[in-house]
Amino acid sequence: MSDPRASAAPQPDGSHPRMTEAAALPGRPRGGVIGGPATDRAVNVLAPNPSAMTLDGTNTWIVAEPDSGLAVVIDPGPLDETHLARVVETAAQAGKRVALTLLTHGHPDHAEGAARFAELTGTKVRALDPALRLGDEGLAPGDVITTGGLELRVVPTPGHTADSLCFHLPADRAVLTGDTVLGRGTTVVAHPDGRLGDYLDSLRRLRSLTVDDGVRTVLPGHGPVLDDAQGAVEFYLAHRASRLAQVETAVEDGYTTPSEVVAHVYADVDRSLWPAAELSVRAQLDYLEEHGLIW
Ligand SMILES: [Zn+2]
């Protein structure tokens with residue numbers, strides 16, 4: 001397994017020519033195979049929605065205790081009947097019935113198919129955002145899901161969006177990260193809903209899961225599984241600090257509007273990703289202003 005930082009190390013000049021804010025880079029996946037079993041309890045069904053923003057497509061996760069007939073599905077993905085049917089079928093082939101649907105956040109590539117999936121499976125949908133729920137139960141930080149003997153702990157990780165959650169799967173020393181940490185590249189802080197200060201706090205919370213709770217594996221919402229969770233989170237923190245310094249310098253150098261900052265700081269990134277990069281830049285400008293670093 002390659003080092004998660006290997007394909008994205010800062011260059012001598014501090015730039016990240018192979019990184020994007022939105023998603024990934026050209027270049028080999030730094031983790032393992034996408035699709036199929038990832039840990040003892042988690043199986044990935046890859047949705048057929050690849051793009052610059054969604055990498056290989058959305059990872060829909062089926063999570064279950066090995067000896068239980070009940071499974072939890074995290075992020076059914078886009079509204080694609082074939083994909084949703086494959087998720088149900090994959091669980092059934094493993095002798096499991098889907099008993100609960102969870103969402104990491106409300107972006108359509110994760111959540112658009114949730115209502116239809118709930119209909120197909122007769123399940124409730126639990127999410128942080130009440131607008132996404134089906135049924136009477138939400139999800140709150142600290143909640144523990146215990147379906148079929150499984151233990152999934154809800155970890156609040158706002159930043160990519162305000163409603164982003166991760167799910168800690170202690171038995172597999174794994175964390176399901178949605179879009180908070182991706183299998184390659186880095187994620188967008190989706191201003192104005194996503195806020196950089198929140199995102200940095202969330203990354204620190206994930207780092208503490210790796211340092212204090214022994215989490216080793218990242219099961220991301222897009223891209224391959226990462227076997228060095230702590231390395232991945234440290235890399236994300238370093239990348240954010242580096243980008244923030246670049247944005248601060250760009251402002252000091254007279255690049256004032258978000259689009260000017262993007263053209264300057266993200267010159268190395270494919271232009272198709274600049275709209276996403278601009279969201280991250282706006283989030284970074286807000287952060288710098290709030291901390292009195294620019295005005
Ligand atoms: Zn998202």
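## Loop residues with positive phi

At 38% relative accessibility, Arg173 counts as partly exposed; that label covers everything between buried (under 20% relative accessible area) and exposed (over 50%), using a 1.4 Å probe and protein chains only. This is a predicted model, in which local features need pLDDT of at least 70 and side-chain atom pairs count only at pLDDT 80 or more, while totals for chains, interfaces and linings use all residues. Residues are numbered from 1 along each chain as its sequence is written, and side-chain values use heavy atoms, with hydrogens and water left out.

Back to Arg173: it isn't a glycine, yet its phi is positive, at about 50°. You'll find Arg173 in the loop between strand 9 and strand 10. Helices (H or I, at least four residues) and strands (E, at least two) are DSSP runs, numbered from the N terminus. Asp75 also has a positive phi, near 65°, without being a glycine. Asp75 sits in the loop between strand 4 and helix 1, and with a relative accessible area of 2% it is buried. For background, most residues other than glycine have a negative phi, and most peptide bonds are trans.

## A cis proline

The peptide bond from His191 to Pro192 is cis, with omega near 5°. Pro192 belongs to the loop between strand 10 (174-178) and helix 4 (196-212).

## The zinc site

Four protein residues hold the zinc ion: His105 through NE2, His107 through ND1, His160 through NE2 and Asp179 through OD, lying 2.2 Å from it. Donors here are N, O and S atoms within 2.8 Å of the metal (3.2 Å for Na, K and Ca), and water is not among the atoms, so sites may look incomplete. Angles among the four donor atoms run from 91 to 158°, which makes the site irregular. Four donors count as tetrahedral if all angles lie between 85 and 135 degrees; four count as square planar and six as octahedral if opposite donors are over 155 degrees apart and all others between 65 and 115, and anything else is irregular.

Along the sequence, the donor residues follow the spacing H-x1-H-x52-H-x18-D. His107 is in the loop between strand 5 and helix 2, and His160 in the loop between strand 8 (152-156) and strand 9 (165-169), so this pair ties together parts that are 53 residues apart in sequence. His107 is partly exposed at 25% relative accessibility, whereas His160, at 2%, is buried.

## Helix 3 and its surroundings

Helix 3 spans residues 114-121, with Ala114, Phe117, Ala118 and Thr121 buried. Looking down the helix axis, these buried residues fall within an arc of 100°, so they line one face; the arc is that of the directions from the axis to the C-beta atoms. Their cover includes strand 4 (70-74), helix 1 (81-93), strand 5 (97-102), helix 2 (108-111) and strand 6 (125-126). Just after helix 3, Gly122 takes a positive phi of about 65°.

Val98 lies in strand 5 and is buried at 4% relative accessibility. Leaving out residues up to four places away in sequence, Val98 touches Ala71, Val73, Ala91, Phe117, Thr121 and Thr123, where contact means heavy atoms within 4.5 Å.

## Rings

Phe235 and Tyr236 form an edge-to-face aromatic pair, 6.2 Å centre to centre with 75° between the planes. Rings of Phe, Tyr and Trp (its six-membered ring) pair if their centres lie within 6.5 Å; planes under 30 degrees apart count as stacked, over 60 as edge-to-face and the rest as tilted. Both Phe235 and Tyr236 are buried.

Elsewhere, Arg243 lies over the face of Tyr266, 4.2 Å from the ring centre. The cut-off is NZ of Lys or CZ of Arg within 6 Å of the ring centre and within 35 degrees of the ring normal.
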